[in-house]
Amino acid sequence: MNKRILIAYATRAGSTAEVAAVLGESLSSRGFAVHVRPVKEEPSLEGYQAALLGSAIRMGAWLPEMVKYIKANQAALQSLPSALFTVHILNTGQDAASRAARLAYLNPVRLLLPGAEEVFFTGKMDFSRLSFVDRLIAKAVKAAESDQRDWPKIRSWIPAALNT
Ligand SMILES: Cc1cc2nc3c(=O)[nH]c(=O)nc-3n(C[C@H](O)[C@H](O)[C@H](O)COP(=O)(O)O)c2cc1C
């Protein structure tokens, strides 16, 4: 029987949803039975053999609805192979400072799911998809519009959690 995998994601402007959808297609094509769901729907973990959880970064942190979901399902998630994907646009370098800064995005989540595999994907900044407040913040920090998603990297990610 095909392994059933849940991909749950949290997004504000849609780019993480698109990353989750492509991950879903990629893993389906490798024979997994994948369901991709927004975390706001609070998907049940019952019947899954692995969970991939992903969030956009806002102001240095995973989105609150995903953190809330992990807290609410912590026991179930701890007994399920799981992996975490982060979609962000700053601190993308390979230098130590950049790496430390992006790893810090996961600090609260890592406490809840210690040992879960982590991957970081560069995201997209599209002002037309931002809320009024987010657009103000983006302009205040002089963010530039860009789509930095690395689709080959996203498509080639096969979490170790799926091999258990
Ligand atoms: C208001 C705002 C704050 C952001 N803060 C961060 C941040 O602290 N670090 C980072 O790496 N990216 C940050 N980003 C970039 C987003 O994480 C990136 O654009 C991501 O692709 C958005 O995902 P979404 O389209 O699913 O919401 C921020 C974007 C906005 C609009």
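Author: Let's start with a term: two residues are in contact if their C-beta atoms, placed from the backbone, lie within 7 Å. By that rule, and not counting residues up to four places away in sequence, tyrosine 69 touches Ala8, Val39 and Glu42. Numbering runs from 1 along each chain as its sequence is written. Bear in mind that this is a predicted model, where local features need pLDDT of at least 70, side-chain atom pairs count only at pLDDT 80 or more, and totals for chains, interfaces and linings use all residues.

Tyrosine 69 lies in helix α2, which covers residues 64–72. Helices here are DSSP runs of H or I with at least four residues, strands are E runs of at least two, and both are numbered from the N terminus. Next comes burial: a residue is buried if 20 or more other C-beta atoms, placed from the backbone, lie within 10 Å of its own, exposed if 12 or fewer, and partly exposed in between. Tyrosine 69 counts as buried because it has 22 C-beta neighbours inside 10 Å.

The buried residues of α2 are Met66, Tyr69 and Ile70. They cover an arc of only 95 degrees around the axis (taken from the directions from the helix axis to the C-beta atoms), which puts them on the same side of α2. On the face turned away from the buried side you'll find the exposed residues Pro64, Lys71 and Ala72. As for what covers the buried residues of α2, the list includes β1 (4–10), β3, β4 (61–62), α3 (74–78) and α5 (107–112).

Now for the partners of Tyr69. Alanine 8, leaving aside its neighbours within four places in sequence, is in contact with Arg37, Val39, Pro43, Ala51, Leu53 and Tyr69. Leucine 53 sits 16 residues from tyrosine 69 along the chain, and their C-alpha atoms are separated by 9.9 Å. Glutamate 42 is in the loop between β2 and β3 and has a positive phi of about 50 degrees although it is not a glycine. With 13 C-beta neighbours inside 10 Å, glutamate 42 counts as partly exposed.

Zooming out a bit, Ala8 and Met66 turn up again in the largest nonpolar core, among the residues with the most contacts inside it, together with Ile5, Ile7 and Leu52. That core has 35 residues, and β1, α1, β2 (33–38), β3, α2 and β5 each supply at least two of its residues. A nonpolar core here means a set of buried Ala, Val, Leu, Ile, Met, Phe, Trp, Tyr and Cys residues joined through C-beta atoms within 7 Å.

One of the core residues, Ile7, is also a contact of glycine 24, along with Val34 and Val36, again leaving aside neighbours within four places in sequence. Glycine 24 has its place in helix α1 and counts as buried, with 20 C-beta neighbours inside 10 Å.

And the chain as a whole? Its secondary structure comes to 7 helices and 8 strands. Of its 164 residues, 29% count as buried. Among contacts with a separation of 6 or more, 78% come from residues 24 or more positions apart. Along its principal axes, the C-alpha trace spans about 50 × 35 × 30 Å.
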